[in-house]
Amino acid sequence: MAERPRPLVAGNWKMNGLHASLNEVEKICSLSGALGAEKVQIAICPPATLLLACSKICEGSVVALGGQDCHWEASGAYTGDISAEMLKDAGAAFVILGHSERRAGHHESNETIRAKAAAALRTGLSPIICVGETRSEREEGIASAIVAAQLSGSVPQGCTAEEVVIAYEPVWAIGTGLTPTPDDIAAMHGFIRAWIMKHLLGRGDLARILYGGSVKPGNAAELMKEDNVDGALVGGASLAAGGFMAIAGVYG
Ligand code: PGA
């Protein structure tokens, strides 16, 4: 049987979570032991204010941590920004980049995302680079062209397939309760796999391609079973440990 990448289920907490939410992190750590680290990798991407506290809680567990964005420079006069080096220093192993909420809300271009991804790689963080079309782009039949342009523009040239994670997140599925059909997901993930095999160095078959957008305990098994779906990027349903671990449990 062909070798498959180890699935990754990552929780994107977005701008949610206060000190009291660390309870959920404790629960995720204790529930994760039963799952088997070789079957699935689990990561939580809390707001930066909680990263250091989370890293103390997750120490010794299989749960990895990630940031939700980073600057492309290591340090300097960039008020309000956080560098990849700082995320790493606070205990992160991943960083989400190019999420549609940053592409749209913060006018991030592919070029900016690529510079940030290069900074992540330079620091030893795995970038989770998000791509995905809007509803009107899907209706116009240009979803794959949009995703191809985002991949070509935001994935650093010369990187290997194993060191980046791609998250396919159709904008219209994020936080809406809507999801593409399993066939549409399989088609787009197959398209992304083919792009990776053609354009990146290394083992394209081992690159992880996550699906994100309204993944819930109730639909995770159906969405995750498709070919080339190597895990999930989970927003709302990652805020409560029980729901998040039920999603990861699809791989248990
Ligand atoms: P959602 O968000 O699961 O709440 O739809 C996913 C994401 O934005 O990463």
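Mentor: Quick ground rule: buried means under 20% relative accessible area, exposed over 50%, and partly exposed in between (1.4 Å probe, protein chains only). This is a predicted model, where local features need pLDDT of at least 70 and side-chain atom pairs pLDDT 80 or more, while totals for chains, interfaces and linings use all residues. Residues are numbered from 1 along each chain as its sequence is written, and side-chain values use heavy atoms, without hydrogens or water.

Trainee: How many salt bridges does the structure hold?

Mentor: Side chains of opposite charge can pair when their charged atoms come close. Here there are 15 salt bridges (a side-chain nitrogen of Lys or Arg within 4 Å of a carboxyl oxygen of Asp or Glu). Take Glu-133 and Arg-138, paired at 2.7 Å, N to O. Glu-133 is buried at 0%, whereas Arg-138, at 24%, is partly exposed.

Trainee: Lys-116 and Asp-69: buried or exposed?

Mentor: Both are buried, and their side chains meet at 2.8 Å, N to O. Lys-116 sits in helix H5 and Asp-69 in the loop between strand S3 and helix H3, so the bridge ties together parts 47 residues apart in sequence (helices are DSSP runs of H or I, at least four residues, and strands of E, at least two, numbered from the N terminus). Through shared partners, Asp-69, Arg-102, Glu-108 and Lys-116 form one network.

Trainee: Which residues touch the most other members of the largest nonpolar core?

Mentor: Ile-192, Ile-196, Tyr-211 and Val-215, in a core of 63 residues (buried Ala, Val, Leu, Ile, Met, Phe, Trp, Tyr and Cys joined through side-chain atoms within 4.5 Å). Another core, of 13 residues, lies apart from it and includes Cys-45 and Leu-210.
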